[in-house]
Amino acid sequence: LLAGETDTAQSMAGNARYRAALADVAAPQHIVSFVGLRQLFDVLPNFPKMVAGRVEERRKAEQRRQSGSNGASGPQGQTRPVTPADLPQDAQDFFNFFAAFLDEVNIIDYIVTSGRMDGYQELTYSAVKPDPSAANKPLFKIVAGSRPLGKFQRYLPVETRSFTAFGGADLEGFYGWMLDFVRDKVPDGDQLYAKWAQVQEKIGFNVQSQLLGWLGAEVIIAEIPPAVPSPFGGGDAVLLWRVKERDRAREMLDRGLKRIDALANEYSPPFSLQPATQIPADGFLRINHFTTVAFQIQPCIGIWEDWLVMASSENAVRLMIETANGKHPNILENQRFRQEGLNVEGPVHYASFQDMSQFGQQMAALFMGLGFGVASIPDSPETRPIKAIMQTMSGLGPVVSEINFINSVYSVTEYRDDRWYTTSKTTYKPPTKTAASHPE
């Protein structure tokens, strides 16, 4: 094929399925990849036969060895070929489970990706095509049935450095599917199913009714500059997780926090929950612990509108709420985001913008800051291994500071026309001119 001297073998360029897949993405310039998962899933079910064949080979080799040592000729003992039904029962149970699992997760036909360069920006385009048989499978309905996010930018302050917005999946449906699969397909699954129910009853916590029953699917995570700079680098982070029923979510969160507060005195040193004072919304609590002081963060949690909100500081929550209420500019007014981002029209299932311009410095500050954090950790036999690891990692700061050649990475995923389409843009830093490379 490389020399073009054969007419019998065909390249991928002649494959109709491959050509059809390329039509899903932009014309490739410097990169193209194609992964046909259908062929993989067609081969994997033959694994039991492959194992049986290997057992058959070993049996024949043993027969030949015995025939040679006894001076006999011809096969001895069993002559019928070994089949999967002849394997031990535990192996058959595993293969039955394996086949059932493959059938459940076999929902992707192919993944195709192309890429091109535009100056110092690299754009990649990918498309994921579901398998035609996936439409009636529970896992596909859970993944593909998620609700896209619309106007997620309204929650992101103009100062946002990085964010991730995810339409999510039906977590409650996925949990139910997983339990049913374990019960019906996993060897001794009915016993595991019953044991899990007993564990939840013993600890007084039911995952479905007390957590997944009120948590939604949409998630937004943002990083903004810290109100108070930390020697560890990084910024403030805020997470928004959509809830299905606001009152139910508030009830379950309050119940969980009260339970945690009651158990707090069992820890040394203990942590405490105190009302937040800088957030323009009721019900938020601030978590205090020696580690929050050591790392200079003020984590807080609460319910606001239809969101569960968790953040590393009260300021991050305040800024997010003011932005959502139109009292503070959002990320669409961020000039850098407008230049290095992508023009997104309409709802998306996933969007992510990662500021990488200071990644090396931030990682170096984080690693070296671990050395300062060691002094804040009480000395005890339990904490000494942790302190030793932190002290060792602090010496890697100068090494990780060299990871510093990307400005940003932005990625958007949409589900339309029976495909998941993802467009990504990576903006690289222009090479620096040095006296060595440009002598006068």
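Biologist: Buried means under 20% relative accessible area, exposed over 50%, and partly exposed in between. Is glutamine 153 buried or exposed?
Modeller: This is a predicted model. Glutamine 153 sits in the loop between α5 and β4 (162–166). Its relative accessibility is 13%, so glutamine 153 counts as buried.

Biologist: Which residues does glutamine 153 touch, not counting those up to four places away in sequence?
Modeller: Contact here means heavy atoms within 4.5 Å. With residues up to four places away in sequence left out, glutamine 153 touches Asn330, Ile331 and Leu332.

Biologist: How many helices and strands does the protein chain have, and what share of its residues is buried?
Modeller: The secondary structure comes to 15 helices and 13 strands. The protein chain has 440 residues, and the buried share is 37%.

Biologist: What span should α6 have, and how far apart are its end C-alpha atoms?
Modeller: Helix α6 covers residues 171–185. At 1.5 Å a residue, its 15 residues should span 21 Å. The end C-alpha atoms agree with that, at 20 Å apart.

Biologist: Which residues of α6 are buried, and what covers them?
Modeller: The buried ones are Tyr175, Trp177, Leu179 and Phe181. Their cover includes α4, α5 (138–144), α7 and α8 (207–212).

Biologist: Is α4 roughly parallel or roughly antiparallel to α6?
Modeller: Helix α4 (residues 89–105) packs on α6 with the axes 11 Å apart, at an angle of about 155°. Angles over 145 degrees count as roughly antiparallel. That makes α4 roughly antiparallel to α6.

Biologist: Is the crossing of α4 and α6 left-handed or right-handed, and which residues make the contact?
Modeller: The crossing is right-handed. From α6 come Trp177, Phe181 and Lys185; from α4 come Phe97, Ala100, Phe101 and Glu104.

Biologist: How do the residues of that contact of α4 with α6 divide by class?
Modeller: No polar residue takes part. The charged residues number 2, and the nonpolar ones number 5.

Biologist: How do α6 and α7 lie relative to each other?
Modeller: The axes of α6 and α7 (residues 189–203) come within 6 Å and cross at roughly 130°. That angle makes α6 oblique to α7.

Biologist: Which residues of α6 and α7 meet, and how many are nonpolar?
Modeller: Tyr175, Leu179, Val182 and Arg183 come from α6. Their partners in α7 are Gly189, Asp190, Leu192, Tyr193, Trp196 and Gln200. By class, the contact of α6 with α7 has 2 polar, 2 charged and 6 nonpolar residues.

Notes:
Residues numbered from 1 in each chain as written. Predicted model: local features only at pLDDT ≥ 70, side-chain atom pairs only at ≥ 80, totals over all residues. Heavy atoms only, no water. Axes fitted to C-alpha atoms, helices over the stretch in contact; angles between N-to-C directions. Helix = DSSP H or I, 4+ residues; strand = E, 2+ residues; numbered from the N terminus. Parallel < 35°, antiparallel > 145°, perpendicular 65-115°, else oblique. Nonpolar A, V, L, I, M, F, W, Y, C, P; charged D, E, K, R; others polar. Left-handed = near helix turned anticlockwise from the far one by under 90°. Expected span 1.5 Å × (residues − 1). Buried < 20%, exposed > 50% of the residue type's maximum accessible area, 1.4 Å probe, protein only.
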